[in-house]
Amino acid sequence: MMKKYLVAATAALVCVAAGAQEYPSKQVTMIVGYPAGGAVDAVGRLIAQRLTDALGKPVVVDNKAGASGSIGAQFVAKAPADGHTLLVAPLTSYAMNATLFPATTGYHLDKDFAPVSLVGYLPLVLVVNEGVSASSAKDLVSMAKAKPASLNYASSGNGSIEHVAGEMFKRQAGVSLLHIPYRGAAPAMTDLMSGQVQVMFATTATAVANLKTGKIKPLMVATPQRISALPDVPTAREAGLPGFEVASTYAVLAPAGTPPAVVRRLNQEVAKIIQNPEVRTRFQTLGIEAMTSTPEEATTRVAGELSKWGKAIKDANIKAE
């Protein structure tokens, strides 16, 4: 019996090794659950372009937008678990969807995917209209406490990461701000610059692109360390809000059940791509801080995102509309 077991185990290992060596056997498709032109799409295309050379097979990006990214995620969750279909995932947004739309997402972030690697994170920046007299986050908190509900903050929509960040800020700083939701970050930023609203948590990319107008100013980045795109802007900790961290984390995921050897191969190749100086420079222009991880670290991060944002949304009593 022991001999038969050893023979079977050896055969299984040989099959796994052979599978990794044969991978990929055809085109690899990277699914992006959002329209072309956004940050998630840009990350996917940067990785796909270089992964083509690394794997020796075409790696193409397919945008399957809709339902807050759920259509693309559903497609990958149901795809064959062979590594030929991958998902470029904004983990933070998907984790929020799990709490806001539990009956309609059509997938389980922690069960239906095999995390390959974390690739970067897009921090949020607290910005205000130029007419707001506050020159720091502490000044803004003092203003808000002195005149409760006198300041409005914009977001790209109810349940968006900007909305959740604003509610977290209100709770931790102990202030009252009125939430004004918009249909996207662009109209929200337009009204912030015109003074229709006074405050907004914007992604680094959105903030940096509009700071040059001089109509808005940054007060704080919601990260533990200062970021390369805005090195002179203090962190939340420096602003007196320790532990206040809000960033959209990006990862590459494969369908659950993908052979570990294939996941490892992909992880190694993605890590090399993210460490490429040209890629890191391009990430920086997008406002994204590059990062890498092991598959195990990415799996732990998925669980952490679900826990953190589920609690934040419930504590703030945010409901989907």
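**Close-up views of a predicted model**

**Figure 1. Overall fold of the protein chain.** Eleven helices and ten strands make up the secondary structure of the protein chain, which is shown here as a predicted model. Along the principal axes, the C-alpha atoms occupy a box of roughly 80 × 40 × 35 Å. Among contacts with a separation of 6 or more, 77% join residues 24 or more positions apart.

**Figure 2. The largest nonpolar core.** This core comprises 53 residues, and the members that touch the most other members are Leu-140, Phe-169, Met-220 and Phe-244. Helix H6 (residues 161-173) contributes the most, with six residues. A second, separate core has 33 residues, including Tyr-23, Ala-48, Val-59 and Leu-266.

**Figure 3. Surroundings of Phe-169.** Beyond its neighbours within four places in sequence, Phe-169 is in contact with several residues, among them Leu-126, Leu-140, Val-141, Phe-201, Met-220, Leu-241 and Phe-244. Its contacts also include Gly-174, Val-175 and Leu-177.

**Figure 4. The largest pocket and its lining.** The largest pocket holds about 910 Å³ of space. Its lining consists of 29 residues, and Tyr-34, Ser-93, Ser-156, Ser-160 and Glu-162 lie nearest the centre. By class, 14 lining residues are nonpolar, 13 are polar and two are charged. At least two lining residues come from each of helix H2 (39-55), helix H4 (91-100), H6, helix H8 (204-211) and strand E9 (247-255). H4 supplies the most, with four residues.

Notes. Residues numbered from 1 in each chain as written. Predicted model: local features only at pLDDT ≥ 70, side-chain atom pairs only at ≥ 80, totals over all residues. Heavy atoms only, no water. Core = buried A, V, L, I, M, F, W, Y, C linked by side-chain atoms within 4.5 Å. Buried < 20%, exposed > 50% of the residue type's maximum accessible area, 1.4 Å probe, protein only. Contact = heavy atoms within 4.5 Å. 1 Å grid on protein atoms, 1.4 Å probe; cavity = no way out; pocket = protein on both sides within 12 Å on 5 of 7 lines; lining within 4 Å. Points joined across faces, edges and corners; volume = space filled by probe spheres on them. Nonpolar A, V, L, I, M, F, W, Y, C, P; charged D, E, K, R; others polar.
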